[in-house]
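I open this notebook to keep track of what I look up. The entries follow the order in which I went through the topics.

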Amino acid sequence: WEAVHACMLTVEVAGAKKITLRVRDGHDGIAYDSAGWGNAILYYASVSQADKVIEMIQALPEVDDLTIDDRLSLEKAQLAFENLSDDEKQKVPDDLVNKLQELVAKMNEFQELEAVARVVVEQIQALPAKNQLTLRDFGRVQAARAAYEGLTDAQKPYVSESDLAKL
C-alpha cells in the first residue's frame, strides 16, 4: 500500500449542477483501491456578469489602437454589455462604458470604409487573370483602376496586395 500525498486541485465547474468525486481502480483490479478525501474543501468564487464585462472591455485596445482585427472581441464585449440587466450595467464604470461606445463608433467607421473598398475588390476580382486578358477587357481594367484610385487613403488599405497586382 503506497500512500499518495495531498495535493491542491483547481477545477473550473462553471455551470455544473453536481460535482462527483470518484475513485477508480489503478488498472490492477479493484482490490485495495481507496481514497481519503481528508479535509476536502470546495470554494465557491462568484464573479458577476458585470465583472466579466468589465474584464472584456479592459482587454480591448484603446480607441487609437483599434484595428479591424479587433471586431470579434469588440462585438463580444458589446453583446455581453447589452445583455446585462440594468442593475448589472450600473456596476460597469462610466469610463469603461464610454470606451466601449467610442470603440463601437470607430469600428463602425472601419466597416463603412471596408464596405466601399469591398465594391472595388469585387470589380478587381471579376477581372480575368493577367495571362487571359484581351482587348475586350481593357475597359473593365480601366474602370477597376479608376475605382481604386477613387478610394480615399483610409479605404485603400482594405484592398489587398494580391488584388492590386491584378491591376
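**Entry 1**

I started with Arg71, which counts as partly exposed because its relative accessibility is 25%. In my notes buried means under 20% relative accessible area, exposed means over 50%, and partly exposed lies in between, with a 1.4 Å probe and protein chains only. I note here that the model is predicted: local features need pLDDT of at least 70, side-chain atom pairs count only at pLDDT 80 or more, and totals for chains, interfaces and linings use all residues. Residues are numbered from 1 along each chain as its sequence is written, and side-chain values use heavy atoms, with hydrogens and water left out.

Next I looked up what the side chain of Arg71 meets. Arg71 and Glu114 form a salt bridge, at 2.9 Å from N to O. Arg71 lies in helix α2 and Glu114 in helix α4, so this pair ties together parts that are 43 residues apart in sequence. I wrote down the cut-off for a salt bridge: a side-chain nitrogen of Lys or Arg within 4 Å of a carboxyl oxygen of Asp or Glu. Helices are DSSP runs of H or I with at least four residues, strands are runs of E with at least two, and both are numbered from the N terminus.

Glu114 also forms a salt bridge with Arg118, where the closest N and O atoms are 3.8 Å apart. Arg118 and Glu114 are 4 residues apart in helix α4, so about one helical turn separates them. Arg118 is partly exposed, at 41% relative accessible area. I therefore recorded Arg71, Glu114 and Arg118 as a network of salt bridges, with Arg71 partly exposed as well.

**Entry 2: other charged side chains**

How many salt bridges does a search of the whole structure find? I noted 6. One more that I looked up joins Lys99 and Glu62, with the closest N and O atoms 3.5 Å apart. Lys99 lies in helix α4 (residues 94-125) and Glu62 in the loop between α1 and α2 (71-82), so the pair ties together parts that are 37 residues apart in sequence.

Is Lys99 buried or exposed? Lys99 is buried, with a relative accessible area of 10%.

I then turned to Lys89. Its charged end sits over the ring of Phe81, 5.5 Å from the ring centre. For this I used the rule that NZ of Lys or CZ of Arg is within 6 Å of the ring centre and within 35 degrees of the ring normal.

**Entry 3: Ile54**

Ile54 has its place in helix α1. At 15% relative accessibility, Ile54 counts as buried. I listed what Ile54 touches, leaving out residues up to four places away in sequence: Lys91, Val92, Pro93 and Leu96. A contact means heavy atoms within 4.5 Å. I also checked Ile54 against Phe81: the two are 27 residues apart in sequence and 8.7 Å apart in space, C-alpha to C-alpha.

**Entry 4: Gln142**

Gln142 is found in helix α5 (residues 138-149). I noted Gln142 as partly exposed, at 43% relative accessible area. From Gln142 to Leu167 there are 25 residues in sequence and 8.5 Å in space, C-alpha to C-alpha.

**Entry 5: the whole chain**

I ended with the totals. The chain has 6 helices and 0 strands, and along the sequence I read the pattern α-α-α-α-α-α. Of its 167 residues, 23% count as buried. Among contacts with a separation of 6 or more, 67% come from residues 24 or more positions apart. The chain exposes about 13100 Å², and carbon and sulfur atoms supply 52% of this area. Accessible areas come from the Shrake-Rupley method with a 1.4 Å probe; for residues, only the protein chains shown count as cover.
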